[in-house]
Amino acid sequence: MMVDIHCHILPNLDDGSESVDISKEMALIAVEDGIKSIVATPHYIEYEHEVSKKAILKSCQELNQLLIQNGINLKILPGCEAFISPTLVESYKKGEIMSINDMGKYILIELPVTNYPEYVEDVIFDFKVIGVIPIIAHIERYSYVRGDFEVIYRLINKGALMQVNSTSIIGLFGDKLKNKAIELVKHNMVHFIASDAHTTRGRSPRIARAFEILKKERIKDTYIDYLIANSQKIIYGEDIKIIDPIVKKVSWFYKIRRRF
Ligand SMILES: [Fe+2]
(Lines give C-alpha, C1' and ligand atoms only; values in the text may rest on other atoms or scores of the structure.)
Protein backbone atom coordinates (compact mmCIF):
# COMPACT_ATOMS: atom_id res chain seq x y z
CA MET A 1 0.00 0.00 0.00
CA MET A 2 1.54 3.26 -1.09
CA VAL A 3 0.83 6.81 -0.06
CA ASP A 4 1.74 9.77 -2.23
CA ILE A 5 2.51 12.71 0.07
CA HIS A 6 3.06 15.34 -2.64
CA CYS A 7 0.54 15.69 -5.45
CA HIS A 8 -1.28 18.57 -7.15
CA ILE A 9 -4.45 16.60 -7.74
CA LEU A 10 -7.06 19.11 -6.54
CA PRO A 11 -8.66 20.84 -9.53
CA ASN A 12 -8.15 24.54 -10.22
CA LEU A 13 -6.32 25.45 -7.02
CA ASP A 14 -2.87 25.91 -8.56
CA ASP A 15 -0.85 24.91 -11.63
CA GLY A 16 -1.80 21.27 -11.10
CA SER A 17 -5.00 19.60 -12.27
CA GLU A 18 -6.98 21.87 -14.56
CA SER A 19 -10.36 20.19 -14.19
CA VAL A 20 -12.37 17.67 -12.21
CA ASP A 21 -12.00 15.24 -15.14
CA ILE A 22 -8.20 15.50 -15.01
CA SER A 23 -8.27 14.96 -11.23
CA LYS A 24 -10.36 11.83 -11.76
CA GLU A 25 -7.98 10.61 -14.47
CA MET A 26 -5.03 11.24 -12.15
CA ALA A 27 -6.79 9.24 -9.44
CA LEU A 28 -7.20 6.28 -11.81
CA ILE A 29 -3.49 6.41 -12.70
CA ALA A 30 -2.59 6.44 -8.99
CA VAL A 31 -4.81 3.46 -8.21
CA GLU A 32 -3.28 1.50 -11.08
CA ASP A 33 0.14 2.32 -9.67
CA GLY A 34 -0.77 0.87 -6.28
CA ILE A 35 -1.38 4.14 -4.47
CA LYS A 36 -4.10 4.04 -1.81
CA SER A 37 -3.98 7.60 -0.47
CA ILE A 38 -2.83 10.92 -1.86
CA VAL A 39 -2.01 13.99 0.18
CA ALA A 40 -3.23 16.86 -1.99
CA THR A 41 -0.60 19.59 -1.84
CA PRO A 42 -1.63 22.76 -3.70
CA HIS A 43 1.00 25.50 -3.76
CA TYR A 44 0.79 28.02 -0.95
CA ILE A 45 2.81 31.19 -1.52
CA GLU A 46 2.41 33.98 1.02
CA TYR A 47 0.86 37.14 -0.48
CA GLU A 48 0.98 35.63 -3.98
CA HIS A 49 -1.09 32.49 -3.88
CA GLU A 50 -2.68 31.84 -0.51
CA VAL A 51 -4.97 28.84 -0.74
CA SER A 52 -7.07 28.72 2.42
CA LYS A 53 -7.39 25.62 4.58
CA LYS A 54 -11.13 25.86 4.09
CA ALA A 55 -10.79 25.76 0.29
CA ILE A 56 -8.45 22.75 0.49
CA LEU A 57 -10.79 20.82 2.81
CA LYS A 58 -13.80 21.60 0.61
CA SER A 59 -12.00 20.51 -2.55
CA CYS A 60 -10.78 17.28 -0.90
CA GLN A 61 -14.30 16.50 0.23
CA GLU A 62 -15.73 17.08 -3.25
CA LEU A 63 -13.07 14.98 -4.94
CA ASN A 64 -13.47 12.16 -2.41
CA GLN A 65 -17.20 12.18 -3.08
CA LEU A 66 -16.62 11.94 -6.81
CA LEU A 67 -14.17 9.04 -6.31
CA ILE A 68 -16.71 7.16 -4.18
CA GLN A 69 -19.43 7.75 -6.76
CA ASN A 70 -17.16 6.32 -9.46
CA GLY A 71 -16.00 3.38 -7.37
CA ILE A 72 -12.39 4.57 -7.39
CA ASN A 73 -10.61 3.22 -4.34
CA LEU A 74 -8.44 6.20 -3.43
CA LYS A 75 -8.55 8.59 -0.52
CA ILE A 76 -7.57 12.24 -0.89
CA LEU A 77 -6.16 13.88 2.23
CA PRO A 78 -5.56 17.59 2.79
CA GLY A 79 -2.13 19.19 2.67
CA CYS A 80 -0.22 21.92 0.88
CA GLU A 81 3.21 22.78 -0.46
CA ALA A 82 4.19 25.96 1.34
CA PHE A 83 6.85 28.17 -0.22
CA ILE A 84 9.44 29.15 2.34
CA SER A 85 9.49 32.70 3.71
CA PRO A 86 10.78 34.34 6.89
CA THR A 87 7.18 34.72 8.11
CA LEU A 88 5.96 31.22 7.25
CA VAL A 89 5.91 30.03 10.86
CA GLU A 90 3.88 33.08 11.91
CA SER A 91 1.32 32.38 9.19
CA TYR A 92 1.22 28.73 10.27
CA LYS A 93 0.60 29.73 13.89
CA LYS A 94 -2.35 31.84 12.74
CA GLY A 95 -3.84 28.65 11.31
CA GLU A 96 -3.50 29.66 7.70
CA ILE A 97 -1.37 26.81 6.39
CA MET A 98 -2.44 23.19 6.00
CA SER A 99 -0.16 20.57 7.54
CA ILE A 100 -0.04 17.02 6.17
CA ASN A 101 -3.53 15.57 6.66
CA ASP A 102 -4.24 18.49 9.02
CA MET A 103 -2.47 16.64 11.85
CA GLY A 104 -0.25 19.56 12.86
CA LYS A 105 2.82 17.33 12.83
CA TYR A 106 4.45 17.54 9.37
CA ILE A 107 4.52 20.32 6.79
CA LEU A 108 5.71 20.20 3.17
CA ILE A 109 7.98 23.13 2.34
CA GLU A 110 9.30 24.26 -1.01
CA LEU A 111 12.54 26.21 -1.43
CA PRO A 112 13.60 28.47 -4.32
CA VAL A 113 15.27 26.53 -7.14
CA THR A 114 18.44 28.59 -7.59
CA ASN A 115 19.02 30.73 -4.49
CA TYR A 116 19.38 29.33 -1.02
CA PRO A 117 17.74 31.80 1.41
CA GLU A 118 19.76 32.47 4.56
CA TYR A 119 16.65 32.02 6.76
CA VAL A 120 15.96 28.35 5.84
CA GLU A 121 17.54 26.99 9.01
CA ASP A 122 15.74 29.55 11.20
CA VAL A 123 12.39 28.53 9.70
CA ILE A 124 13.18 24.85 10.34
CA PHE A 125 14.17 25.66 13.90
CA ASP A 126 11.02 27.70 14.56
CA PHE A 127 8.79 24.93 13.22
CA LYS A 128 10.59 22.38 15.39
CA VAL A 129 10.03 24.58 18.45
CA ILE A 130 6.25 24.37 17.94
CA GLY A 131 6.42 20.62 17.32
CA VAL A 132 6.08 20.65 13.54
CA ILE A 133 8.53 18.71 11.37
CA PRO A 134 9.32 20.33 8.02
CA ILE A 135 9.64 18.12 4.95
CA ILE A 136 11.65 19.73 2.18
CA ALA A 137 10.03 19.09 -1.21
CA HIS A 138 11.99 17.66 -4.16
CA ILE A 139 15.49 18.32 -2.83
CA GLU A 140 17.11 17.05 -6.03
CA ARG A 141 15.72 20.01 -7.98
CA TYR A 142 17.61 22.74 -6.14
CA SER A 143 20.75 23.87 -7.92
CA TYR A 144 22.61 24.48 -4.63
CA VAL A 145 22.15 20.82 -3.66
CA ARG A 146 25.27 19.48 -5.31
CA GLY A 147 28.80 18.32 -4.66
CA ASP A 148 28.95 16.76 -1.20
CA PHE A 149 25.24 17.54 -0.49
CA GLU A 150 26.44 19.52 2.50
CA VAL A 151 23.23 21.65 2.52
CA ILE A 152 21.05 18.57 2.90
CA TYR A 153 23.29 17.08 5.55
CA ARG A 154 22.96 20.31 7.55
CA LEU A 155 19.18 20.54 7.17
CA ILE A 156 18.70 16.92 8.27
CA ASN A 157 20.79 17.65 11.34
CA LYS A 158 18.53 20.62 12.06
CA GLY A 159 15.56 18.24 12.06
CA ALA A 160 14.11 18.55 8.56
CA LEU A 161 13.08 15.55 6.46
CA MET A 162 13.69 15.19 2.74
CA GLN A 163 11.44 14.26 -0.19
CA VAL A 164 12.54 13.30 -3.71
CA ASN A 165 10.25 13.17 -6.77
CA SER A 166 9.55 9.78 -8.32
CA THR A 167 9.58 11.51 -11.72
CA SER A 168 13.20 12.59 -11.16
CA ILE A 169 14.22 9.00 -10.39
CA ILE A 170 12.32 7.78 -13.45
CA GLY A 171 14.36 10.25 -15.53
CA LEU A 172 11.64 12.63 -16.68
CA PHE A 173 13.90 15.64 -16.09
CA GLY A 174 17.02 14.12 -17.62
CA ASP A 175 19.95 11.96 -16.55
CA LYS A 176 21.63 14.61 -14.45
CA LEU A 177 18.67 14.98 -12.11
CA LYS A 178 18.04 11.25 -12.15
CA ASN A 179 21.60 10.52 -11.02
CA LYS A 180 21.45 13.23 -8.38
CA ALA A 181 18.19 11.83 -6.96
CA ILE A 182 19.64 8.30 -6.83
CA GLU A 183 22.86 9.59 -5.22
CA LEU A 184 20.80 11.31 -2.52
CA VAL A 185 19.00 8.04 -1.78
CA LYS A 186 22.32 6.18 -1.69
CA HIS A 187 23.53 8.57 1.00
CA ASN A 188 20.50 7.99 3.26
CA MET A 189 19.44 11.59 2.73
CA VAL A 190 15.93 10.80 1.50
CA HIS A 191 12.92 10.05 3.72
CA PHE A 192 10.10 10.12 1.19
CA ILE A 193 9.50 9.43 -2.48
CA ALA A 194 6.42 11.21 -3.84
CA SER A 195 5.09 12.01 -7.30
CA ASP A 196 4.65 15.82 -7.23
CA ALA A 197 2.21 15.06 -10.04
CA HIS A 198 0.55 17.97 -11.81
CA THR A 199 -1.33 16.17 -14.56
CA THR A 200 -2.01 12.84 -16.29
CA ARG A 201 0.95 12.70 -18.67
CA GLY A 202 4.57 13.21 -17.76
CA ARG A 203 4.25 14.52 -14.25
CA SER A 204 1.59 11.95 -13.32
CA PRO A 205 0.96 10.23 -9.97
CA ARG A 206 3.22 7.21 -10.39
CA ILE A 207 5.69 6.03 -7.76
CA ALA A 208 6.13 2.27 -8.26
CA ARG A 209 8.53 2.57 -11.18
CA ALA A 210 10.86 4.76 -9.11
CA PHE A 211 11.14 2.01 -6.50
CA GLU A 212 11.92 -0.53 -9.25
CA ILE A 213 14.73 1.71 -10.48
CA LEU A 214 16.09 2.10 -6.95
CA LYS A 215 16.12 -1.70 -6.61
CA LYS A 216 18.12 -1.97 -9.83
CA GLU A 217 20.50 0.60 -8.38
CA ARG A 218 21.04 -1.82 -5.50
CA ILE A 219 19.23 0.19 -2.89
CA LYS A 220 18.44 -2.30 -0.13
CA ASP A 221 14.87 -3.61 0.23
CA THR A 222 14.90 -2.46 3.85
CA TYR A 223 15.50 1.12 2.74
CA ILE A 224 12.74 0.93 0.13
CA ASP A 225 10.38 -0.48 2.77
CA TYR A 226 11.47 2.36 5.05
CA LEU A 227 10.57 4.96 2.38
CA ILE A 228 7.15 3.40 1.76
CA ALA A 229 6.41 3.09 5.49
CA ASN A 230 7.39 6.70 6.20
CA SER A 231 4.74 8.05 3.83
CA GLN A 232 2.14 5.79 5.46
CA LYS A 233 3.11 6.92 8.93
CA ILE A 234 3.09 10.67 8.52
CA ILE A 235 -0.52 10.84 7.38
CA TYR A 236 -1.42 9.68 10.89
CA GLY A 237 1.07 12.06 12.46
CA GLU A 238 3.24 9.17 13.63
CA ASP A 239 6.95 9.52 14.32
CA ILE A 240 9.43 8.16 11.85
CA LYS A 241 12.88 6.85 12.58
CA ILE A 242 15.66 9.07 11.28
CA ILE A 243 18.57 7.23 9.77
CA ASP A 244 22.02 8.77 9.78
CA PRO A 245 22.94 10.39 6.49
CA ILE A 246 26.20 9.23 4.96
CA VAL A 247 28.68 12.03 4.36
CA LYS A 248 29.35 12.15 0.63
CA LYS A 249 32.95 12.18 -0.42
CA VAL A 250 33.88 14.45 -3.29
CA SER A 251 37.09 14.52 -5.27
CA TRP A 252 39.87 16.94 -4.47
CA PHE A 253 39.37 18.35 -7.94
CA TYR A 254 35.81 19.32 -7.06
CA LYS A 255 36.82 20.90 -3.75
CA ILE A 256 39.55 22.96 -5.38
CA ARG A 257 37.35 23.99 -8.28
CA ARG A 258 34.61 25.11 -5.89
CA ARG A 259 36.94 27.60 -4.24
CA PHE A 260 37.24 29.69 -7.37
FE1 LIG B 1 4.85 20.34 -5.94
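**Note on a predicted protein model**

1. Strand β1 and helix α9 (221-234) each supply at least two residues of the lining of the largest cavity, where helices (H or I, at least four residues) and strands (E, at least two) are DSSP runs numbered from the N terminus. The model is a predicted one, in which local features need pLDDT of at least 70 and side-chain atom pairs count only at pLDDT 80 or more, while totals for chains, interfaces and linings use all residues. Residues are numbered from 1 along each chain as its sequence is written, and side-chain values use heavy atoms, with hydrogens and water left out.

2. On a 1 Å grid over the protein atoms alone, a cavity is a set of points where a 1.4 Å probe fits but cannot get out, whereas a pocket is an open set with protein on both sides within 12 Å along at least five of seven lines; lining residues have an atom within 4 Å of a point. Grid points are joined across faces, edges and corners, and a volume is the space filled by probe spheres set on the points. By this rule there is one cavity of 30 Å³ or more, and the largest cavity holds about 40 Å³ of space.

3. Which residues line the largest cavity? They are M2, V3, I193, I207, F211, L227, I228 and S231, and α9 gives the most to this lining, with three residues. By class the lining has seven nonpolar, one polar and no charged residues, where Ala, Val, Leu, Ile, Met, Phe, Trp, Tyr, Cys and Pro count as nonpolar, Asp, Glu, Lys and Arg as charged, and the others, Gly among them, as polar.

4. V3, which belongs to this lining, sits in strand β1 (residues 2-7). V3 is buried, with a relative accessible area of 3%; buried means under 20% relative accessible area, exposed over 50%, and partly exposed in between (1.4 Å probe, protein chains only). Leaving aside residues up to four places away in sequence, V3 touches S37, I207, S231, Q232 and I235, a contact being heavy atoms within 4.5 Å.

5. The largest pocket has a volume of about 260 Å³, and S143, V145, R146, G147, F149, K176, L177, N179, K180, E183 and K248 line it. Its lining has three nonpolar, three polar and five charged residues.

6. S17, in the loop between β1 and α1 (20-33), is buried at a relative accessible area of 1%, and its contacts beyond four places in sequence include H8, I9, M26 and H198. D244, in the loop between α9 and α10 (252-258), counts as exposed at 63% relative accessibility, and its C-alpha atom is separated by 37 Å from that of S23, which is 221 residues away along the chain.

7. For the chain as a whole, there are 10 helices and nine strands. The radius of gyration, taken over C-alpha atoms, is 18 Å, close to the 18 Å that the globule rule gives for 260 residues, so the chain is as compact as a globular protein of that length; the rule is 2.2 Å times the number of residues to the power 0.38. Of the 260 residues, 55% count as buried, and residues 24 or more positions apart account for 77% of the contacts with a separation of 6 or more.
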